[in-house]
Amino acid sequence: MKRRDFVLLLSAAMTAARRLGAQQKAMPVIGFLGSGATGPFAPAVAGFRQGLSETGWVEGRYDRLPALAADLVARKVDVIAAIGGTPPALAAKTATATIPIVFGTGDPIESGLIASLAQPGGNLTGISALGIELTPKRLELLSELVPQAKVIALLVNPNNKSTEHVIQKAQQAARTKGVQLLVLTASSDSEIDAAFLVGLQGGALLVGGDPLFDTRLEQLVELAARHAVPAIYPAREFVAADGLISYAASRTWGWQRLGTYAGKILNGARPADLPVEQPTTFELVINLKTAKALGLTVPPSILARADEVIE
């Protein structure tokens, strides 16, 4: 495979990439648009690079980074990678109807990004992580892990457009399991802190998927430990940071696929011709050290299904 170079430049909200090809052609520029601080997205950037490399693009090092940053300010990008949920994807869609956009989000149809998974049309395509659809399964797993919990709290960001849908899914699942659902909302650090002061002892917590919660990963895990609240999270990364349990599609897989899509677009594919992908496998990850600290015995049925057990 012919190797072509690009530069991935992290700035406040974007990443740039360029390609060394024929001298008469300008290098393409990839805008990397994400919500929250850039630090938590380091794995995303690594996966994105890998996906690009699989389609013939390898990173180069150049002294023209200030010029690339100027290109970004001038919107001279060839692809925008919107990672971190619906807000960056919507921001990118609002900004341009012509520059190709690859996104990673929950339900791109409900959020108004595209009209169809099979035929996204326009200038957008990407990955749908099925986060909302996994809400009932997460509640079921949490109830199985903590059978004595009669109340399960759902933590959501009220500013997320998918919140109402998540609540509806959780309410249906709670009725099926015969538990009470307590909806907690938080859109800031202080509100996250306050959510743990409403008397969750004796219950359990389901953390909804949201870019805010991703960037407050350590805060959420620390609060759950401090208040002795068993919690299930929307990504493996929470469990790796000493959270209790997670059930989700692999984010590494998603980031790699976005990088692959970006590479295909740079190679001439049109976003409208690239169906939005959905994961077909999901990871159940549990942290036995955290379970022990909470005084929980993990049922053999969960251990047998776990894709990863952290000890």
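## Overall build

The model is predicted. Its protein chain carries 12 helices and 15 strands. Of the 311 residues, 52% count as buried. Consider contacts with a separation of 6 or more: residues 24 or more positions apart account for 68% of them. The accessible surface of the chain is about 13700 Å². Carbon and sulfur atoms own 53% of that surface.

## Aromatic pairs

The structure holds two aromatic pairs. Tyr233 and Phe238 make a stacked pair, with 5.0 Å centre to centre and 10 degrees between the planes. Tyr233 is buried, at 2% relative accessible area. Phe238 is buried too, at 1%. Tyr247 and Phe282 make a tilted pair, with 6.0 Å between centres and 40 degrees between planes. This pair links distant parts of the chain, as its members are 35 residues apart. Tyr247 belongs to strand S13 (residues 245-248). Phe282 lies in the loop between H10 and strand S14 (283-287).

| Residue | Relative accessibility | Class |
|---|---|---|
| Tyr233 | 2% | buried |
| Phe238 | 1% | buried |
| Tyr247 | 15% | buried |
| Phe282 | 23% | partly exposed |

Why does Phe282 count as partly exposed? Its relative accessibility is 23%, and the buried class requires a value under 20%. Tyr247, at 15%, counts as buried.

## Leu244, a buried loop residue

Leu244 sits in the loop between helix H9 (236-240) and S13. Is Leu244 buried or exposed? At 2% relative accessibility, Leu244 counts as buried.

Its contacts, leaving aside neighbours within four places in sequence, reach several parts of the chain. They include Leu145, Pro230, Ala231 and Tyr233. Val239 is another contact of Leu244. Further along the sequence, Leu244 touches Val285, Ile286 and Asn287. Thr290, Ala291, Leu294 and Leu296 also contact Leu244.

Ile286 is 42 residues from Leu244 along the chain. Even so, the two C-alpha atoms are separated by 5.8 Å. Tyr233 ties this site to the stacked pair: Tyr233 contacts Leu244 and pairs with Phe238.

## The second largest cavity

Two cavities of 30 Å³ or more are counted. Leu244 is one of its lining residues, and so is Tyr233. Val221, Ala224, Ala225, Val229, Pro230 and Ala231 also line this cavity. Asp242, Gly243, Thr290 and Leu294 complete the lining.

Which elements give two or more residues to this lining? They are helix H8 (217-226) and strand S12 (231-233). H8 gives the most, with three residues. By class, the lining has nine nonpolar, two polar and one charged residues.

Several lining residues are also contacts of Leu244, among them Pro230, Ala231, Tyr233, Thr290 and Leu294.

## Helix H8

The buried residues of H8 are Leu217, Gln219, Leu220, Val221, Leu223 and Ala224. Val221 and Ala224 also line the second largest cavity. The buried residues of H8 pack against six elements named here in chain order. They are strand S9 (151-156), helix H6 (189-195), strand S11 (204-207), helix H7 (211-215), S12 and H9.

An α-helix has 3.6 residues a turn, so residues three or four places apart point the same way. Leu217, Leu220, Val221 and Ala224 are among the buried residues of H8. After H8 comes Ala228, whose phi is positive, near 55 degrees.

The largest pocket has a volume of about 920 Å³. Its lining counts 49 residues. Which of them lie nearest its centre? They are Gly85, Ala129, Asp210, Asp214 and Arg251. The lining divides into 24 nonpolar, 17 polar and eight charged residues.

H10 gives the most to this lining, with five residues. H10 spans residues 251-266 and also holds Arg257. Arg257 is buried, because its relative accessible area of 19% falls under the 20% limit. Leaving aside neighbours within four places in sequence, Arg257 is in contact with Ile127, Lys264 and Glu277.

Definitions and conventions
Residues are numbered from 1 along each chain as its sequence is written. This is a predicted model: local features need pLDDT of at least 70, side-chain atom pairs count only at pLDDT 80 or more; totals for chains, interfaces and linings use all residues. Side-chain values use heavy atoms; hydrogens and water are left out. Helices (H or I, at least four residues) and strands (E, at least two) are DSSP runs, numbered from the N terminus. Buried means under 20% relative accessible area, exposed over 50%, partly exposed in between (1.4 Å probe, protein chains only). Contact means heavy atoms within 4.5 Å. Accessible areas come from the Shrake-Rupley method with a 1.4 Å probe; for residues, only the protein chains shown count as cover. Rings of Phe, Tyr and Trp (its six-membered ring) pair if their centres lie within 6.5 Å; planes under 30 degrees apart count as stacked, over 60 as edge-to-face and the rest as tilted. On a 1 Å grid over the protein atoms alone, a cavity is a set of points where a 1.4 Å probe fits but cannot get out, and a pocket is an open set with protein on both sides within 12 Å along at least five of seven lines; lining residues have an atom within 4 Å of a point. Grid points are joined across faces, edges and corners, and a volume is the space filled by probe spheres set on the points. Ala, Val, Leu, Ile, Met, Phe, Trp, Tyr, Cys and Pro count as nonpolar, Asp, Glu, Lys and Arg as charged, and the others, Gly among them, as polar.
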